[in-house]
Amino acid sequence: LLKFVDRRLYMEEYLPAFNRVMELLGIEAKVNLLSNVLVSVVADESEDWDAILIVEYPSAEAFVTVAQSNAYHDIAEPLRLAALANLKLYMTRQLAL
């Protein structure tokens, strides 16, 4: 879940910087969903999110590698911090249906 300070910065600078980091680390991740939040249906009244982003990593270890890398901290993280007022980040595992 994303709350923007600067949507343009996030979309035009952070996401390409994040992709560069992924290339440098040799990790492929897939964006499964990037969508605007239209209205909160079942949520605390204090929650006000602009977008939802779902990214699929090849493994939990790949996510941790990215999150802990110097490349991410140096290249992408400063842009993310400038672009977002708030975010919620969850690591999940898809269930078989």
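1. The structure is a predicted model, in which local features need pLDDT of at least 70 and side-chain atom pairs count only at pLDDT 80 or more, while totals for chains, interfaces and linings use all residues. Residues are numbered from 1 along each chain as its sequence is written, and side-chain values use heavy atoms, with hydrogens and water left out.

2. The protein chain has 3 helices and 4 strands, and along the sequence these follow the pattern β-α-β-β-α-α-β. Helices (H or I, at least four residues) and strands (E, at least two) are DSSP runs, numbered from the N terminus.

3. The C-alpha atoms fill a box of roughly 40 × 35 × 20 Å along the principal axes. Of the 97 residues, 24% count as buried, where buried means under 20% relative accessible area, exposed over 50%, and partly exposed in between (1.4 Å probe, protein chains only).

4. Helix 2 and helix 3 pack at an angle of about 60°, and their axes are 5 Å apart; axes here are lines fitted to C-alpha atoms, for helices over the stretch in contact, and angles run from 0 to 180 degrees between N-to-C directions. On the helix 2 side Val-66, Ala-67 and Gln-68 meet Asn-70, Tyr-72 and His-73 of helix 3, with contact meaning heavy atoms within 4.5 Å.

5. The largest pocket holds about 1,200 Å³ of space, a volume being the space filled by probe spheres set on grid points that are joined across faces, edges and corners. A pocket is, on a 1 Å grid over the protein atoms alone, an open set of points where a 1.4 Å probe fits, with protein on both sides within 12 Å along at least five of seven lines, and lining residues have an atom within 4 Å of a point.

6. This largest pocket is lined by 39 residues, and Ile-54, Val-55, Tyr-57, Leu-89 and Tyr-90 lie nearest its centre. Helix 1 gives the largest share of the lining, 6 residues.

7. Pro-58 sits in the loop between strand 3 and helix 2. Why does Pro-58 count as exposed? Pro-58 counts as exposed because its relative accessible area is 59%. Leaving aside residues up to four places away in sequence, Pro-58 touches Ile-27 and Glu-28, and the C-alpha atoms of Pro-58 and Ile-27, which are 31 residues apart along the chain, are separated by 7.9 Å.
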